[in-house]
Amino acid sequence: MAKKEQDFSRQFGLFSRLKIRSKLISIISIIIVASMAIMISLATLFFKKDNEVRIKESNFTISQVIAAKTESDFTAIVEKLNIMGTTMLQEFKTEQQKSLFTSLFFTNDKDFLFVAICEKGSDDVLSIKQRIANEQHLAENSITASQLERITRDDSHKFVRTFNDEAVVHNISERFSFPIMAVTIPFQRDAGDRVSTIIVSYIRLNKILKSFGKSGITDTFMINSEGDIIAHPDSNLIMSHANIINLPIVDMMLKSRQDNGQTRYKDPAGVYYLGSFKKIGLGGIGIVSSVPESLAMQEVYNIQRRNIIITIIVLNIAILIVYFFSKSLTGPLISLVGATKEIEQGNFKVEIKPTTGDEIGILTDSFVEMGRGLEEREKMKDAFGKFVNKEIAEQVLK
């Protein structure tokens, strides 16, 4: 405790030895910097919180809207697949009728490339009972129906989950030159109401990707229950079959019992994001909208920088004002100090005039009068000294 008091006394002693001008500038600077720093910090904090709420609301709205659109698209896909499957089970009288039906189906919806009715064989490998293919589009892209049949068998371990009465959405774009997804849904059931056959379809993502274009600073993407990216503004992530299951918001979505949520999270690169998600209730699909926090808060940081610049400008102006104002204080005081030294040397007639009407001006007048009084005293002392003893003269003057 004693050491702290000594340190304080030493620091105060150093401050007390500063000139008045330096003291004024130091005090004013501390007051301005402290007040502006508090104001900037509070303004930034409140604005940042408000902006974060608005960004989260915006993300939530975007994910809700796109989820509703995507759910509508997938509902239409499921309905078409059920109609297609039912029609495929019917007996066509001629191959021409079957060809006409196939052509009409793929003409009405060109995104469908391949549809097959499959059943589970040995070792959970799917076997195709019936299938139709968009031969024209496949030929234009150098794809054959046999390739899609082979993919169906190779990816059986993913599709057999559909026999547990759940739809599966799977990204197979890495095997092609354009974005394609596989959608499988339960189809026929046996006497025990167990799924006996499923429909496997391969569909281009052209129509769905229109909803996932980049919107300002917001990225919106679609993932399946395994964390695979199905749709994303960055086509490279789709084509590479990227998996982001370790992304905190994706992990949160897959584990959440609610169909929506929002959070602040950090990606593997250490970048913070503000994100929201919405599940659509088909195949574990979820829609995620996220914004880099640095971009979301860019205007907050811009305002903070502007406030700091304003603080520096105000501080410099204040220092200039205090500097010139202090001259009106220190100038007369310096003159008084000079006059004091003159009196110490015996020159009682000081030639200084007050420059202000404040207390310093009054002090200057009083000092001049004091000098005159001392001068008269010295004259009287000299006069008395000529007639009486010097010691007696001093006693009389006292």
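Two strands are taken to pair if DSSP finds at least two bridges between them. On that basis, Cys118 stands opposite Ile128 in β2. The structure is a predicted model. Its strands include an open sheet in the order β2-β1-β5-β4-β3 and another open sheet in the order β7-β6-β10-β9-β8. Helix α2 (residues 20-89) packs on the sheet that contains β1, and α2 also lies across β6, β8, β9 and β10.

**Sheet β2-β1-β5-β4-β3**

- Five strands make up this open sheet, and their pairing is antiparallel.
- Because β2 (126-133) and β3 (168-171) each have a single partner strand, they stand at the edges, and one side of each is left without a neighbour in the sheet.
- On average, neighbouring strands of this sheet are turned by 20° against each other, direction ignored.
- Four bridges connect β3 with strand β4 (residues 180-186) in the antiparallel sense. Within this pairing, Val168 stands opposite Thr184 in β4.
- Helix α2 touches β1 (112-120), β2, β3, β4 and β5 (197-204), and its direction makes about 65° with that of β1.
- Helix α5 (residues 145-154) also packs on the sheet, where it touches β1, β2 and β5; the direction of α5 makes about 150° with that of β2.

**Strand β1 and its partners**

- Strand β1 is mostly covered, with seven of its nine residues buried.
- With β5, strand β1 pairs in the antiparallel sense over seven bridges. The bridge partner of Ile117 in β5 is Ile199.
- With β2, strand β1 is joined by seven bridges, and the two run antiparallel.
- The strands β1 and β2 form a hairpin with five residues between them. In the turn, Asp123 has a positive phi of about 60°.

**Buried face of helix α5**

- The buried residues in α5 are Ala145, Leu148, Glu149, Ile151 and Thr152.
- Seen down the axis of α5, these buried residues fall within an arc of 160°, so they line one face of the helix.
- The partners against which the buried residues of α5 pack are β1, β2, α4 (135-140), α6 (156-159) and β5.

**Sheet β7-β6-β10-β9-β8**

- This open sheet has five strands with antiparallel pairing.
- Its edge strands are β7 (229-231) and β8 (260-266), each of which pairs on one side only.
- From one strand to the next, the twist averages 35°.
- Strand β8 pairs with strand β9 (residues 272-279) in the antiparallel sense over seven bridges. Here Lys266 has Tyr272 of β9 as its bridge partner.
- Helix α2 lies across β6 (219-223), β8, β9 and β10 (286-292), and runs at about 35° to β9.
- Helix α9 (residues 248-255) packs on this sheet as well, touching β6, β8, β9 and β10, and its direction makes about 25° with that of β9.

- In soluble globular proteins, nonpolar side chains tend to be buried together.
- The largest nonpolar core has 47 residues, and those with the most contacts inside it are Phe74, Val115, Met181 and Met222. Helix α2 supplies the largest share of this core, eight residues.
- Neighbours within four places in sequence aside, Met222 is in contact with residues including Thr70, Phe74, Ile208, Phe212, Ile230 and Ile287.
- A second, separate core has 24 residues, among them Phe114, Ala116, Ala145 and Phe176.

**Aromatic pairs**

- The structure holds three aromatic pairs.
- The rings of Phe114 and Tyr202 have their centres 5.7 Å apart and their planes at 40°, so this pair is tilted. The pair links distant parts of the chain, with Phe114 in strand β1 and Tyr202 in strand β5, 88 residues apart.
- Phe114 counts as buried at 0% relative accessibility, and Tyr202 is likewise buried, with a relative accessible area of 0%.
- The rings of Phe176 and Phe178 have their centres 6.3 Å apart and their planes at 35°, so this pair is also tilted.
- Phe176 counts as buried at 12% relative accessibility, and Phe178 counts as buried at 12%, because buried means under 20% relative accessible area.

Terms used:
Residues are numbered from 1 along each chain as its sequence is written. This is a predicted model: local features need pLDDT of at least 70, side-chain atom pairs count only at pLDDT 80 or more; totals for chains, interfaces and linings use all residues. Side-chain values use heavy atoms; hydrogens and water are left out. Axes are lines fitted to C-alpha atoms, for helices over the stretch in contact, and angles run from 0 to 180 degrees between N-to-C directions. Contact means heavy atoms within 4.5 Å. A nonpolar core is a set of buried Ala, Val, Leu, Ile, Met, Phe, Trp, Tyr and Cys residues joined through side-chain atoms within 4.5 Å. Buried means under 20% relative accessible area, exposed over 50%, partly exposed in between (1.4 Å probe, protein chains only). The arc is that of the directions from the helix axis to the C-beta atoms. Rings of Phe, Tyr and Trp (its six-membered ring) pair if their centres lie within 6.5 Å; planes under 30 degrees apart count as stacked, over 60 as edge-to-face and the rest as tilted.
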